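Here is a report on one protein chain. Please look at the sequence and the model first.

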Amino acid sequence: MAVVELTKENFESTVTENDFVIIDFWAPWCGPCRSFAPTYESVSEDNPNIVFGKVNTEDEQELAMHFQVRSIPTLMIFRENIIIFSQPGALPESAFRELLSKASELDMNEVRAQIEAEQQNGQNA
């Protein structure tokens, strides 16, 4: 699957209509972003069941601010509308593949239960 350019207009629908979405927040002037791009493309081709998106932080400053992206590149992974990973920095290809493997193995029912428990604890505090 080709990498999808995400904008304010298609971001929400892309995340809500797909169970597994990986987003690369980047900018054209960013050297590490440009270095990571071929890795991102290569891994996307090997994972057709995952939506790979890119957000150009120059053009989509509102999205970058909403997700508090402070440095780029920043990778963010959504599973079933839940952010399960968000971290700045370009990853080597092997580490990126390992991250995707671990993200796909997560039990999302367990993740939702943990979130609910944390919310309950926050309300009781």
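## Salt bridges

Glu 62 forms a salt bridge with Lys 8, with the closest N and O atoms 3.6 Å apart. A salt bridge here is a side-chain nitrogen of Lys or Arg within 4 Å of a carboxyl oxygen of Asp or Glu. Glu 62 lies in helix 3 (residues 61-66) and Lys 8 in the loop between strand 1 and helix 1 (11-16), so the pair ties together parts 54 residues apart in sequence. Glu 62 is exposed, at 52% relative accessibility. Lys 8 is partly exposed, at 45%. The cut-offs are under 20% relative accessible area for buried, over 50% for exposed, and partly exposed in between (1.4 Å probe, protein chains only).

The model is predicted: local features need pLDDT of at least 70, side-chain atom pairs count only at pLDDT 80 or more, and totals for chains, interfaces and linings use all residues. Residues are numbered from 1 along each chain as its sequence is written, and side-chain values use heavy atoms, leaving out hydrogens and water.

A search of the whole structure finds 6 salt bridges. Lys 54 and Asp 24 make one of them, at 2.8 Å from N to O. This pair links distant parts of the chain: Lys 54 is in strand 3, Asp 24 is in strand 2, and they are 30 residues apart. Both Lys 54 and Asp 24 are buried.

Arg 97 and Glu 93 form another salt bridge, their closest N and O atoms being 2.8 Å apart. Both lie in helix 4 (residues 93-105), 4 residues apart, or about one turn of the helix. Both are partly exposed: Arg 97 has 29% relative accessibility, and Glu 93 has 32%. Asp 46 joins Glu 93 and Arg 97 in a network of salt bridges. Side chains of opposite charge can pair when their charged atoms come close.

## Sheet and flanking helices

The chain has 5 helices and 5 strands. Helices (H or I, at least four residues) and strands (E, at least two) are DSSP runs, numbered from the N terminus. From that end, the elements run β-α-β-α-β-α-β-β-α-α.

The 5 strands of an open sheet follow the order 1-3-2-4-5, with mixed pairing. Strand 1 (4-5) and strand 5 (82-88) are the edge strands, each pairing on one side only. Two strands pair if DSSP finds at least two bridges between them. Strand 2 (residues 20-26) and strand 3 (residues 51-56) run parallel and are joined by 6 bridges. Within that pairing, Ile 23 has Gly 53 of strand 3 as its bridge partner.

Helix 2 packs on the sheet and touches strand 2, strand 3 and strand 4 (74-79); its direction makes about 160 degrees with that of strand 3. Helix 5 (residues 108-124) also packs on the sheet, touching strand 4 and strand 5, and its direction makes about 85 degrees with that of strand 5. Axes are lines fitted to C-alpha atoms, for helices over the stretch in contact, and angles run from 0 to 180 degrees between N-to-C directions.

## Thr 39

Thr 39 lies in helix 2 (residues 31-45). The residue is buried, with a relative accessible area of 15%. Thr 39 touches Leu 91, Glu 93 and Phe 96, not counting residues up to four places away in sequence. Contact means heavy atoms within 4.5 Å.

## Nonpolar cores

The largest nonpolar core has 19 residues. Such a core is a set of buried Ala, Val, Leu, Ile, Met, Phe, Trp, Tyr and Cys residues joined through side-chain atoms within 4.5 Å. Phe 11, Ile 23, Phe 25, Val 55, Phe 67, Ile 72 and Phe 78 have the most contacts inside this core. Helix 1, strand 2, strand 3, helix 3 and strand 4 each give two or more residues. Strand 2 gives the most, with 4 residues.

Beyond its neighbours within four places in sequence, Val 55 contacts residues including Leu 6, Phe 11, Ile 23, Phe 25 and Leu 63. A second, separate core of 15 residues includes Phe 20, Ile 77, Phe 85 and Ala 103.

## Overall dimensions

The C-alpha atoms fill a box of roughly 45 × 30 × 25 Å, taken along the principal axes. Of the 125 residues, 40% count as buried. Among contacts between residues at least 6 apart in sequence, 72% join residues at least 24 apart.
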